[in-house]
Amino acid sequence: MHELSLREARAVAVSAQGLHLSTPAQDAQATLRALGCIQLDTINVVRRSHELVQLARGAPSDARRLIDDADPPVLFEYWTHAASLIPLELWPLFGFRRRHYATRGWSGPTVDPAACDHVRAVLAKRGAVIISDLGGAQGSGWERSSVHKWALEWLLATGEVACVNRRGWQRLYQLTEAAIPQDLRERDLSPAECVRTLTGAAGPGRRHGR
């Protein structure tokens, strides 16, 4: 077993996070792929958290555009340890979690089936919506709530709806078949394959931005 000094351990950590380059040259998409995921956080003191991840790695110019304007999209929003931006090609690896929610439910608020049907109908007609298109949500901060908000979040969790872009910092929801390429949607991996691959990606040598 090789022991690392504190200096060596720090160097490994900094390098693994992609913070060691004196003249970083990665764009926002390359940074996202290198990190594997970037946690979303709307707190805005200096810049939003996910933008700071990009800025610290030398990709300031298109960090916002990666979310708002990428065409075709290069990422999707989903749950890792928290709400995160994830490279689009990793969509199949979260199939185990989408199926888990669909079959076993979630710990979130009770979802109104009628609201889900309404959301499906609106999405089929309009193609993409933000929550304000469905009457918005009441309250403030984490307490913002409405039956349509939770219908959207439930359909996102189960994979019937996807978010690959934002509009004015609000999630832009679409039916999954309209947002996710067919080859990714049809790639069906077992739970063991999903977890094994994600675990390997999260191990030493891989990096995640927060």
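Trainee: What lies over the face of Trp 91?
Mentor: That would be Arg 98, at 3.8 Å from the ring centre. To count, NZ of Lys or CZ of Arg has to be within 6 Å of the ring centre and within 35 degrees of the ring normal. Keep in mind that this is a predicted model, where local features need pLDDT of at least 70 and side-chain atom pairs count only at pLDDT 80 or more, while totals for chains, interfaces and linings use all residues. Residues are numbered from 1 along each chain as its sequence is written, and side-chain values use heavy atoms, with hydrogens and water left out.

Trainee: And which residue lies over the face of Trp 150?
Mentor: Lys 149 sits there, at 5.1 Å from the ring centre.

Trainee: Okay, rings next. How many aromatic pairs are there?
Mentor: There are six. Rings of Phe, Tyr and Trp (its six-membered ring) pair if their centres lie within 6.5 Å; planes under 30 degrees apart count as stacked, over 60 as edge-to-face and the rest as tilted. One of the pairs is Phe 76 with Tyr 78, a tilted one with 6.5 Å centre to centre and 40° between the planes.

Trainee: Are Phe 76 and Tyr 78 buried or exposed?
Mentor: Phe 76 is buried, at 0% relative accessibility, and Tyr 78 is buried too, at 1%. Buried means under 20% relative accessible area, exposed over 50%, and partly exposed in between (1.4 Å probe, protein chains only).

Trainee: What about Trp 106 and Trp 150, how are their planes set?
Mentor: They form an edge-to-face pair, 6.1 Å centre to centre with 75° between the planes. Trp 106 is in the loop between α5 (95-104) and α6 (113-126), and Trp 150 is in helix α7 (residues 147-158), so the pair ties together parts that are 44 residues apart in sequence. Trp 106 itself is partly exposed, at 26%. As for the element names, helices (H or I, at least four residues) and strands (E, at least two) are DSSP runs numbered from the N terminus.

Trainee: Which rings link into a cluster?
Mentor: Ring pairs join Phe 76, Tyr 78, Trp 91 and Phe 94.

Trainee: Let's switch to helices. How do α5 and α7 pack?
Mentor: At an angle of about 125°, with their axes 7 Å apart. Axes are lines fitted to C-alpha atoms, for helices over the stretch in contact, and angles run from 0 to 180 degrees between N-to-C directions.

Trainee: Why are α5 and α7 called oblique?
Mentor: Angles under 35 degrees count as roughly parallel, over 145 as roughly antiparallel, 65 to 115 as roughly perpendicular and the rest as oblique. At about 125°, α5 and α7 are therefore oblique to each other.

Trainee: Which residues make that contact?
Mentor: Arg 98, Tyr 101 and Ala 102 from α5, and Trp 154, Ala 157 and Thr 158 from α7. Contact means heavy atoms within 4.5 Å.

Trainee: And how do α6 and α7 pack?
Mentor: Their angle is about 75°, with the axes 9 Å apart. That makes α6 roughly perpendicular to α7. On the α6 side you have Ala 115, Cys 116, His 118, Val 119 and Arg 120, meeting α7 residues that include Val 147, His 148 and Trp 154.

Trainee: Last one: where is Glu 51, and is that residue buried or exposed?
Mentor: Glu 51 lies in helix α3 (residues 49-55) and is buried, with a relative accessible area of 6%.
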